[in-house]
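Biologist: Before we go through the labels, please show me the model. I will then ask what each label rests on.

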Amino acid sequence: MIVGVSTLAAAILPSLLSPGDGKGTGDAKPPAAQITTQEPTKTQEPTPTGESDPTGETPSQAPTATETATGGATDGTTGATAPPASRTYVGVYQDQAMSLGLPRGDDVGSIDFDVPATRRYSDEEWTAEKEKAEQTGVPVAADLTYADTSYGYLALRNGRNAAQLQPTDPSEKGEDCARSAQVGGFTEAVMDDWTLPAQTVLCILTDQGNVARVTITGFIGGKKDGLTEPPTQISLKVTLWKPEG
């Protein structure tokens with residue numbers, strides 16, 4: 001009986017496993033050795049380089065212009081901190097009337113906008129002041145001096161910076177005046193030529209770090225058409241600011 005069952009199974013199995021006439025192929029499955037699975041397509045990750053973050057985190061963005069201007073970033077080449085934004089200034093005095101006289105002989109007229117005050121130096125006193133400044137490295141107190149009755153030298157002293165503005169310059173802000181003074185350009189004028197007309201504006205950074213807006217309002221004495229007759233007195237209107245903080 002066992003032999004008969006085995007003979008029957010041997011006859012049936014080949015027919016079941018055979019593809020035959022194509023019927024039932026939809027249910028047929030390939031041998032396990034031929035089954036493959038297709039992996040889902042993946043985007044290839046870039047190989048990390050010196051400019052990419054191997055952790056996969058988004059790198060920080062480059063500093064903006066605002067950050068650079070406010071000192072929030074450094075120079076990638078030198079490592080130096082970027083300069084801070086422009087300083088703000090608060091008023092010390094406004095539209096102060098002052099005058100700078102031209103002494104006779106070798107004396108020197110001076111004006112210190114930080115105090116404010118004017119002073120007349122003898123030749124000996126002025127020479128001593130300059131020698132002291134050279135020895136100590138501390139600038140003389142005067143911001144402007146006026147000397148030489150023949151030519152009328154109006155001079156900016158060492159340790160200061162100044163710019164000459166046009167009379168039509170509308171700005172009367174300390175920040176704008178300081179910015180102009182930092183650019184500079186004015187060092188002295190020969191008043192015998194009357195090269196600074198009335199309403200000329202000078203922006204001056206003093207040795208104390210303050211900024212003065214000096215407007216020439218007029219002249220006394222001298223002759224504009226004369227050969228060597230500079231004005232004997234220069235009238236001024238001065239506004240002074242100091243750095244805030």
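Modeller: Strand S1 (89–101), strand S6 (161–165), strand S8 (201–205), strand S9 (211–220) and strand S10 (233–243) are among what covers the buried residues of H4; contact means heavy atoms within 4.5 Å. Helices (H or I, at least four residues) and strands (E, at least two) are DSSP runs, numbered from the N terminus. The model is predicted: local features need pLDDT of at least 70, side-chain atom pairs count only at pLDDT 80 or more, and totals for chains, interfaces and linings use all residues. Residues are numbered from 1 along each chain as its sequence is written, and side-chain values use heavy atoms, with hydrogens and water left out.

Biologist: Which residues of H4 are buried?

Modeller: In helix H4 (residues 174–183) they are Gly 174, Cys 177, Ala 178 and Ala 181. Their arc around the axis is only 100 degrees, which puts them on the same side of H4; the arc is that of the directions from the helix axis to the C-beta atoms.

Biologist: What makes Arg 160 and Asp 143 a salt bridge?

Modeller: The rule asks for a side-chain nitrogen of Lys or Arg within 4 Å of a carboxyl oxygen of Asp or Glu. The closest N and O atoms of Arg 160 and Asp 143 are 2.7 Å apart, so the pair qualifies.

Biologist: Why is Arg 160 called buried?

Modeller: Buried means under 20% relative accessible area, exposed over 50%, partly exposed in between (1.4 Å probe, protein chains only). Arg 160 has 8% relative accessibility and therefore counts as buried. Asp 143, at 0%, is buried as well.
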